[in-house]
Amino acid sequence: MEVPVLRVGSDPSDFDGLARYVDSIRKPQGLHMTLLHIGILDNLVADIVAWTHGRAPADRVTMELVSWLNELPVLEGFLGKSSRLVSLGGGHIGALEVEVPQSVHDYQSLLIQGLHVLLDQLGLDNIDDFILSSPALGYRSPRWVPHIAVGKARTRHEPPMEIAPVPVEFGDSRIRNRESLPSFG
């Protein structure tokens, strides 16, 4: 689940100016902020089947995951701001850390709670351990840092860098690659 970035800064030069802090700056039209990462569906299904030792069959897990994703409510677009560039992804990614409204934090928390309920219904035990250890989910920390990956970090583990504050406009939430989800019915 992600929200597309509609605008960074007051004009395009604000985003283009970030190129002085990162290498291989991304194209503005592809920018997004991830609210919940579930990875590749087939990989997550395999992780769940393995965790349950096959008690949750792959076809049921796939159907339940797709149904849950399709029923998620839409978070309406919102405004945020950023004044800090951080390194993520093991120090390889330069990202804008974004201050977002409390409603966005609440929505993201609801996504995690909903994932917990779904995983419980699928028969998983030690759900927090599963979430933090699933290769498909890819979580390295239980704490969500709202961010937008903007390019490759110049050096690994670069310390956070203060930048001139920029407003960030986000669109409505959406399921990334929704068209690739299987349909049931």
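Strand 1 (residues 2-8) and strand 7 run antiparallel and are joined by three bridges; helices (H or I, at least four residues) and strands (E, at least two) are DSSP runs numbered from the N terminus, and two strands pair if DSSP finds at least two bridges between them. Valine 5 has phenylalanine 170 of strand 7 as its bridge partner. The model is a predicted one, in which local features need pLDDT of at least 70 and side-chain atom pairs count only at pLDDT 80 or more, while totals for chains, interfaces and linings use all residues. Residues are numbered from 1 along each chain as its sequence is written, and side-chain values use heavy atoms, with hydrogens and water left out.

Strands of a sheet pair through backbone hydrogen bonds, in either the parallel or the antiparallel sense.

Strand 4 (residues 78-88) is joined to strand 7 (residues 161-170) by seven bridges in the antiparallel sense. Along this pairing, leucine 79 is bridged to glutamate 169 of strand 7, and arginine 84 has glutamate 162 of strand 7 as its partner. Strand 4 also pairs with strand 5, again antiparallel and over seven bridges; here serine 82 has valine 98 of strand 5 as its bridge partner. The hairpin of strand 4 and strand 5 has four residues between the strands, and glycine 89 takes a positive phi near 60 degrees in this hairpin. Strand 5 (residues 93-99) in turn pairs with strand 6 (residues 147-153) in the antiparallel sense over five bridges. The partner of isoleucine 93 in strand 6 is lysine 152.

A pair of aromatic rings is described by the distance of the centres and the angle of the planes. Rings of Phe, Tyr and Trp (its six-membered ring) pair if their centres lie within 6.5 Å, and planes under 30 degrees apart count as stacked, over 60 as edge-to-face and the rest as tilted. A search of the whole structure finds two such pairs. In one of them, the rings of tryptophan 51 and phenylalanine 130 have centres 5.3 Å apart and planes at 75 degrees, so the pair is edge-to-face. This pair links distant parts of the chain, with tryptophan 51 in helix 2 (residues 41-51) and phenylalanine 130 in helix 5 (residues 127-133), 79 residues apart. Tryptophan 51 counts as partly exposed at 25% relative accessibility, whereas phenylalanine 130 is buried with a relative accessible area of 1%; buried means under 20% relative accessible area, exposed over 50% and partly exposed in between, with a 1.4 Å probe and protein chains only.

In the other pair, phenylalanine 78 and phenylalanine 170 have ring centres 4.7 Å apart and planes at 25 degrees, so the pair is stacked. Phenylalanine 78 lies in strand 4 and phenylalanine 170 in strand 7, 92 residues apart, and the pair thus links distant parts of the chain. Phenylalanine 78 is buried at 9% relative accessible area, and phenylalanine 170 is buried at 2%. Beyond its neighbours within four places in sequence, phenylalanine 170 is in contact (heavy atoms within 4.5 Å) with Val3, Pro4, Val5, Leu6, Met33, Gly77, Phe78, Gly80, Val98 and Ile148.

Helix 2 also holds aspartate 47, which is buried with a relative accessible area of 16%. Leaving aside neighbours within four places in sequence, aspartate 47 is in contact with Phe130, Ser134, Pro135 and Ala136.

The whole structure has one cavity of 30 Å³ or more. On a 1 Å grid over the protein atoms alone, a cavity is a set of points where a 1.4 Å probe fits but cannot get out, and lining residues have an atom within 4 Å of a point. Grid points are joined across faces, edges and corners, and a volume is the space filled by probe spheres set on the points. The largest cavity has a volume of about 50 Å³. Its lining consists of Tyr21, Val22, Leu85, Val86, Ser87, Gly94, Ala153, Arg154, Glu158, Pro159 and Met161. Strand 4 gives the most to this lining, with three residues.

Key. 1 Å grid on protein atoms, 1.4 Å probe; cavity = no way out; pocket = protein on both sides within 12 Å on 5 of 7 lines; lining within 4 Å.
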